[in-house]
Structure formats: structure tokens, C-alpha cells
Amino acid sequence: MQNLTGKVAFVTGGSRGIGAAIVRRLAADGADVAFTYVSASSAAAAQALVQELTGQGRRARAIQADSADADAVRRAVEDTIRELGPVDVLVNNAGIFLAGPIGDASLEDYERTMDINVRAPFVAIRAAQASMPDGGRIINIGSCLAGRAGRAGVALYAASKSALVGLTQGLARDLGARGITANVVHPGPIDTDMNPADGDRAASLVAVLSLPHYGESRDIAGMVAFLAGPDGRYVTGASLAVDGGYAA
Ligand code: NDP
């Protein structure tokens, strides 16, 4: 466990999957947490997560904010700063995976992928960094496909996650003098709604891993907690694979 007592965390896409595991872990480690979601169907789950966290003595907020809407992302960060205080730990987790042959990918697919997977992290970082305390943490959730696409049909998604690597390295340089770190965590196949362990793609994904099984959301949350905590203070500009050995 890391000691995040007194820290404020902001997590995008915290209602389900990897994001919800990150919210739970950062709160368990002591942080007050605000998180976003987008779907009306996730509102009840988001409020239940808020109740869970407040029951543990944390301050918690669920904010409906579409990452495709730059103003909504900026407002969500600003609301968090106003209500909970400056963001110590920013986790850009919300993402979409539009797959298919490149000939079928439309300009709209490109723009939606880049808006949610790349522009939203940029907007959240810009909104949070000015008041981020020295020693703050920026953690972007990439993908093992950023380093190696590995199969057909993932060009748009891989492009968006690779862009996060450049963004993160630049941030490390921009913010390092303030002791603020910026890193990318690259998950391999993690059992979530986006990539269920019993889905059509699962067997072919497991076949190319070193560890022959899916990971769990808490595996990613553990790495995020490490980077967010005091033990992660000298790690910056790094790409950290939590991918079952996909890249090996
Ligand atoms: P899920 O699809 O299971 O959950 C996505 C979460 O992000 C939900 O909380 C969802 O909110 C939110 N979200 C989606 N779109 C938006 C949006 N436009 N605005 C705000 N929030 C949004 O995804 P995972 O948990 O599997 O993935 C999380 C991250 O990890 C993503 O960036 C993904 O690319 C990355 N990743 C996942 C892998 C995997 O195998 N699962 C592998 C590699 C990377 P709501 O509930 O409201 O819809």
C-alpha cells in the first residue's frame, strides 16, 4: 500500500473496468477521488462507487463528462479543483477501441479516437497542471498495442496510444523541474467490458502472451498506485508495460 492520505486524484472513465479499479485503489491508499463517466446507464454504478468511497471516509465525486467534449473535460477538472482541491494525481484512463480494416475507417472514426484517447488527456493535463502541487503525478493509460500493433485492424487505436507516449515524454521534460512525474502504463489484455476474457478475440490474444491468461483491472491499478505514491518519485517519462509479457 502507498500512502496517498491527503492527496486528491482525478480519474477519467472511473465507472467501470480498469478506471473503477484505479479509483478504488487510490481511495484505499488514502486519496480523495473524483472520476468521470459518460453513459447514462453508468450513472447508478458511478454513484454506488461514490457511496463506497465515502463509506471509507474519503471525499468522492462522480462527474458525467464526455471525453469527446473538450469543454466538458476542462470543466470536470475545474469542478474537482474547486470542490476537492488541486489535483495531485491525474489519471487519464477513459479510452475507446474502434477496430477494423484501415479501408473501413472513416474520418469520423479517426477524429473520435483521437478526441477521446489523445485530446482529452491533453485537455485534462492542461487544466490540472497549473495548480498541481510540486511532486504531482500524471499517469496516462496507453496500450501494449502502442509499442507493437501485433495484428491487423488496430491502426487507429495504436496510433492514438502511441501519441500518448510522445505527450508523456514531453510532459516529463516540461514539468520535471517541479518534481511532477508523467508516465504511461501500457496494459495487455485485461478482462473488462472493452475486452472480455470470454470474448471472440480472447484466445488469439492469450496465444501471444508470455503469461497465458488475461490480466485483471487491479493489476493495472497496482502499477498506477505505485507511480502515484512516494516509491514512484524517480520514475518519469517512462512506458511501463503491465501486459502479461505481450512485448517480450
Ligand atoms: P471499458 O470500456 O471497460 O471502460 C471504459 C471506461 O471509460 C468507462 O468508465 C466509460 O464510462 C469510460 N469512457 C468511455 N468513453 C468515454 C468518454 N467518451 N468520456 C468519458 N468516459 C468514457 O474500458 P477498459 O477499462 O478496458 O479500458 C480502460 C483504458 O485501458 C482505456 O484507455 C483502454 O484503451 C485501455 N486499455 C484496455 C485494455 C483491455 O484489455 N481492457 C488493454 C489496453 C489498454 P461509461 O461507463 O460511462 O461508459
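Modeller: Start with the record. UniProt, in an unreviewed entry, lists residues 7-193 as "domain: Ketoreductase". The model itself is predicted. In it, the span 7-193 is 45% helix and 17% strand. Its end C-alpha atoms lie 29 Å apart.

Biologist: Which residues of α3 are buried?

Modeller: Ala72, Val73, Ala76, Val77, Thr80 and Leu84.

Biologist: What puts these residues on the same side of α3?

Modeller: They cover an arc of only 140° around the axis, which puts them on the same side of α3. An α-helix has 3.6 residues a turn, so residues three or four places apart point the same way.

Biologist: What is found at the start of α3, and what follows the helix?

Modeller: At the start, a side-chain oxygen of Asp69 comes within 3.0 Å of the backbone nitrogen of Asp71. After α3 comes Gly85, with a positive phi near 115°. Helix α1 has a glycine just after it too: Gly30, with a positive phi of about 115°.

Biologist: Val87 is in the loop between α3 and β4 (89-92). Why is Val87 called buried?

Modeller: Buried means under 20% relative accessible area. Val87 has 0%, so it is buried.

Biologist: What does Val87 touch?

Modeller: Beyond four places in sequence, Val87 touches Val8, Phe10, Thr80, Ile81, Ala128, Met132 and Pro133. Take Ala128. It is 41 residues from Val87 in sequence, yet their C-alpha atoms are 6.2 Å apart.

Biologist: Ala146 is in the loop between β5 (137-141) and α5 (155-175). What makes Ala146 count as buried?

Modeller: Its relative accessibility is 18%. The cut-off is under 20%, so Ala146 counts as buried.

Biologist: Which residues does Ala146 touch?

Modeller: Leaving out residues up to four places away, Ala146 touches Ala158, Lys161, Ser162 and His186. Ala146 and Lys161 are 15 residues apart in sequence and 5.2 Å apart in space, C-alpha to C-alpha.

Biologist: Which backbone atoms come to a ligand oxygen?

Modeller: A backbone N or O atom of Ile190 lies 2.8 Å from one. For Met194 the distance is 3.4 Å, again from a backbone N or O atom.

Biologist: Which residues come nearest to the ligand?

Modeller: Of the 31 residues around the ligand, Ser15, Ser39, Ser42, Tyr157 and Thr192 come nearest.

Biologist: Thr192 sits in the loop between β6 (181-187) and α6 (202-206). Why does Thr192 count as buried?

Modeller: Its relative accessibility is 13%. That is set against the cut-off of under 20%, so Thr192 counts as buried. The side chain of Thr192 also reaches the backbone nitrogen of Met194 at 3.2 Å.

Biologist: What is Thr192 in contact with, beyond four places in sequence?

Modeller: Gly17, Ile18 and Ser217. Ser217 is in helix α7 (residues 217-228).

Biologist: How do you know whether Ser217 is buried or exposed?

Modeller: Its relative accessibility is 13%, so Ser217 counts as buried. Its contacts beyond four places in sequence are Gly17, Ile18, Ala21, Ile190, Asp191 and Thr192. The side chain of Ser217 reaches the backbone nitrogen of Ile18 at 3.4 Å. Ile18 and Ala21 are themselves among the buried residues of α1.

Definitions and conventions. Residues numbered from 1 in each chain as written. Predicted model: local features only at pLDDT ≥ 70, side-chain atom pairs only at ≥ 80, totals over all residues. Heavy atoms only, no water. UniProt positions renumbered as here; feature names shortened; annotations may be inferred. Helix = DSSP H or I, 4+ residues; strand = E, 2+ residues; numbered from the N terminus. Buried < 20%, exposed > 50% of the residue type's maximum accessible area, 1.4 Å probe, protein only. Arc of directions from axis to C-beta. Polar contact = N/O pair within 3.5 Å; in protein donor to acceptor, adjacent residues only side chain to side chain. Contact = heavy atoms within 4.5 Å. Near = heavy atom within 4 Å.
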